[in-house]
Amino acid sequence: MDIKSTKKYLYWLYCQFELITCSYLMEPWEKVLFYTFNITMLAMVLYTAYTFVPGHLSTAFQFFLHLFGNQHENTVSIVK
């Protein structure tokens with residue numbers, strides 16, 4: 001895949017995005033606000049997923065391990 005066809009494909013994706021969101025009907029200042037809002041929301045969702053999902057997955061994994069009987073040993077039993 002050469003650079004010219006990649007540029008053409010990216011432009012096609014951009015046109016599809018504008019058609020789906022109907023942003024081709026907006027004025028330039030409206031597009032700036034619309035894209036700024038969407039990029040901000042996407043960044044916040046990605047940051048939240050990066051921050052909180054690993055903790056939730058770890059908790060769920062520990063829950064299912066406990067549920068199926070593979071419990072961690074108690075620290076008191078290790079000391080004895």
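Trainee: Where does Glu-18 lie?
Mentor: Glu-18 lies in helix H1, where helices are DSSP runs of H or I with at least four residues, numbered from the N terminus. This is a predicted model, with local features needing pLDDT of at least 70, side-chain atom pairs counting only at pLDDT 80 or more, and totals for chains, interfaces and linings using all residues. Residues are numbered from 1 along each chain as its sequence is written, and side-chain values use heavy atoms, with hydrogens and water left out.

Trainee: Does Glu-18 count as buried or exposed, and why?
Mentor: Glu-18 counts as buried because its relative accessibility is 10%; buried means under 20% relative accessible area (1.4 Å probe, protein chains only).

Trainee: Which side chain does the side chain of Glu-18 make a polar contact with?
Mentor: That of Lys-31, at 2.8 Å. A polar contact is a pair of N or O atoms within 3.5 Å; within protein, one must be able to donate a hydrogen and the other to accept it, and residues adjacent in sequence count only if both atoms are side-chain atoms.

Trainee: And which residues of H1 and H2 meet?
Mentor: Tyr-14, Phe-17, Glu-18 and Thr-21 in H1 meet Lys-31, Phe-34 and Tyr-35 in H2, with contact meaning heavy atoms within 4.5 Å.

Trainee: Switching topic, what does UniProt say about residues 32-53?
Mentor: The unreviewed UniProt entry annotates residues 32-53 as "transmembrane region", though annotations may be inferred rather than shown by experiment. In the model, residues 32-53 are 100% helix and 0% strand, and the end C-alpha atoms of this stretch are 31 Å apart.

Notes: Helices (H or I, at least four residues) and strands (E, at least two) are DSSP runs, numbered from the N terminus. Buried means under 20% relative accessible area, exposed over 50%, partly exposed in between (1.4 Å probe, protein chains only).
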